[in-house]
Every structure is written in structure tokens, then in C-alpha cells.
Amino acid sequence: MKLQRMNRRALALGALAVSGALALTACGSDETGNPDGGASNAAAPSNIKCDDASGQVLADGSSAQKNAVDAWVKQFSAACKVEINYKAGGSGAGVTAFTQGQVPWAGSDSALKPDEVEASKKICSGGQGIDLPMVGGPIAVGYNVPGVDKLVLDSATIAKIFDSKITNWNDPAIAKLNPDAKLPNLKIQAFHRSDESGTTDNFTKYLIATAKKDFPYEGGKAWQAKGGQSAPQSSGVAAQVKQTAGAIGYFELSYAKDGIKTVAIDTGAAEPVEATVANATKAIAEAKVVGTGKDLALKLNYATKADGAYPMVLVTYEIVCDKGNKAETLPAVKAFLRYAASEDGQKILAENDYAPMPEEIITKVRTTVESLS
């Protein structure tokens, strides 16, 4: 009897040991190479292809896409042994960091200019920097006017506000567009970006395309109009709008949080158009690829008057070498961009107030990512 009890105890301990070993094995790794295996993989898409990606990747650029990159990184890093550190210092800073070889990829809300492409050839051995459109969305015009829950503006009025030609909220031009609103006798506090920004570039391209007479500037990443106040990055402009009575500013829709109201645009369509992901996608669908070779730079139609098409949009490009990428970072960069362009990666955009790329465009992006070398 005693011997039987000892045998049963030994069998139980053996079973426990095997169970523990299996548990450790399950926690130790998975098919993606994730050291935390089942725990984190349950929250990450199972079809993320890591390849040989590992280590740390530094990147910089567009603050417009920061919330999108954060969402991608959360999923990607849960599946792959890669740490993505995206600084989001602005499009200008990102392009500079890329062309100086400080980062293997950058985000920019404006396509590379010819001189920037030329500069990239020094760090892309045998190749050059190319533009991959990956993130779309509306540039929202956020405002803080007590007692005004809905506001309609057209491009001419927006241009005059941001060029200090309209300085009070009860101005007749604003009142004409908002006959039912109780506009206060309150000074307008217009905020623009202090840093070089692709958001500024696209915002001013819209004004130049639709209200050139009222916005007589060349445009670009640096703010040129008169007056106003400045703040760094989209988050900084949004913060100022939220805390300043009478404020108005421009930033991506994903930053219009915590009660910040946004302007509907009178484009000449049947109804004023709200800043929504769906409305932005309608406008982006009119874009044409104007890049050559593997470059997929787009030309947007800022002057669209199609019903439900929100015209003040931007597309953020991921900028990377087509050839001559550094061997130590290529696997990680390629795997990350593959995921960002995937169906799962694009789906995450809509969940975070961004517009996925139209299918015709993102299909070309996927093909180009696979060809990176």
C-alpha cells in the first residue's frame, strides 16, 4: 500500500513537471519570435510577418501621423522583437534626419523635393529616397468659441482669419456663413505651427488652390502669413486651441479630442462638409500618382466640390531608400512598413481618426515595400 501511494505521488509530480515545462515552452517563444509568446500575441495580429527583424529602429518626422504610428507600433512590437522609436519632430525635421543618414525612414506630409531626393542619394547607396503614401486624413480646423457649437467657414474666410484680415468672431463674413449662430464680440486667436510642418504645407496648399486672392503666399512647410500665434507640433496647436477662448487652429482630426469642436467647410457642394475620415477618403480618392519609378508621390485635388468630399486633407508619406538601405535596419524597416500597408495596418487608421489609402494606391505601396533592398 505504501509503495502504491509513493508511485502515485511520483506520477503526479512527473505530470506537474511536464505541465510546467510545456508552460515555459509556450511562454518562451512563438512563430514570430516574440519572447513573450502567447501573452502578447493574443493582442497582436497573428499574420504580422517579422522575418529577421530585431533590435531598435529610430525614426523621425510628421507629427500628423504620430497617433497612427503609435497604434502600429503597439501591434507590431507585440509580435516582433523590434523596438520602434518614432520621435515625431515634424516633417521638416524628419526629412533632414533621413537625408543626413540619422534615421532609416522618416514620415513627411509633403513629398520629397528634387533637392531632397538628390541629397538622399548620398545615404541610399545606389538608390534614392522615395515617397510611400501610407496615412491619410482630414486637416481639421478646430475652434474654441464659447456658445458656438457649430461653425461653417469657407476657404476665403479661413484665409482672412489666418492672415489677420478678420480679427473678431462677430465679423460680418463669419456671420453671413452662420446666420443661426450667436457669435460673440470676441477677439480671434489664430494659432499656426512654429516648426516646419507638412500639415502647414497642405493647409496652405488648400488655401492657395481655393482662395489665392485672400492668401497671397507661396506656401510650404514654414508658416508665412501675417500675425497669429504659434505652437510646436499638432499636439501643441491643439492644446492652445483647447485652453484659449477665441482660439482657432489647424491640426489632424486625431488631435481634435476632449471637446475640441471642428469647422465644417463650405466648398460649394450641396451642404457644408464635416471633417470626418469618410469625407477625407472621398477627397483622397481623387488623387493622382505623379511620382516616377518606385516613387508614389500624389497630387491631391484641394479644390474638389464633390458632395461629401472634405477638401482639406493630407497624405503622410513614409520616406525610405528604394535601394541601399542599411543591412542592420532593413529587415525591421521592411517588416514594419509591410505591416503598416497591410489590410490590418490600414484598418487601424480608421479606428484612430485617419483615412486608409484607397485600394489602388495602397496596392502599389505594398509591391514597392517588398522590393526594398
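The protein chain has 13 helices and 13 strands, where helices (H or I, at least four residues) and strands (E, at least two) are DSSP runs numbered from the N terminus. The model is predicted, so local features need pLDDT of at least 70 and side-chain atom pairs count only at pLDDT 80 or more, while totals for chains, interfaces and linings use all residues. Residues are numbered from 1 along each chain as its sequence is written, and side-chain values use heavy atoms, with hydrogens and water left out.

**Exercise 1. Chain totals**

Task: State what percentage of the residues of the protein chain count as buried, and what share of the contacts with a separation of 6 or more comes from residues 24 or more positions apart.

Solution. 
- Step 1. Buried means under 20% relative accessible area, exposed over 50%, and partly exposed in between (1.4 Å probe, protein chains only). Of the 373 residues, 52% count as buried.
- Step 2. A contact means heavy atoms within 4.5 Å. Among contacts in the protein chain with a separation of 6 or more, 74% are between residues 24 or more positions apart.

**Exercise 2. Disulfides**

Task: Find the disulfides, give their handedness and locate the cysteines in the chain.

Solution. 
- Step 1. With a disulfide taken as a pair of cysteine sulfur atoms within 2.5 Å, the count comes to two.
- Step 2. Cys 50 lies in the loop between helix H2 (38-41) and E1, and Cys 80 in the loop between helix H3 (66-79) and strand E2 (82-86), so the pair ties together parts 30 residues apart in sequence. Cys 50 is buried at 5% relative accessible area, and Cys 80 is buried at 2%.
- Step 3. Cys 124 and Cys 321 form a disulfide, with sulfur atoms 2.0 Å apart. Its S-S torsion is about -75°, so this disulfide is left-handed.
- Step 4. This pair links distant parts of the chain, 197 residues apart: Cys 124 is in the loop between helix H5 (114-120) and strand E4 (129-144), and Cys 321 is in strand E13. Cys 124 is buried at 0% relative accessibility, and Cys 321 is buried at 3%.
- Step 5. With bonded cysteines counted along the chain, the pattern is 1-2, 3-4.

**Exercise 3. Arg 193 and Pro 331**

Task: Is Arg 193 buried or exposed, and which residues outside its sequence neighbourhood does Pro 331 contact?

Solution. 
- Step 1. Arg 193 is in strand E6 (residues 189-193). Arg 193 counts as buried because its relative accessibility is 2%.
- Step 2. A polar contact is a pair of N or O atoms within 3.5 Å; within protein, one must be able to donate a hydrogen and the other to accept it, and residues adjacent in sequence count only if both atoms are side-chain atoms. The side chain of Arg 193 makes such a contact with the side chain of Ser 234, at 3.1 Å.
- Step 3. Leaving out residues up to four places away in sequence, Arg 193 touches several residues, including Ser 63, Trp 223, Ser 234 and Tyr 250.
- Step 4. Pro 331 is in helix H11 (residues 330-341) and, at 29% relative accessibility, is partly exposed.
- Step 5. Apart from neighbours within four places in sequence, Pro 331 is in contact with Asp 52 and Ala 53. The C-alpha atoms of Pro 331 and Cys 50 are 8.1 Å apart, although 281 residues separate the two along the chain.

**Exercise 4. Largest pocket**

Solution. 
- Step 1. The largest share, three residues, comes from H8.
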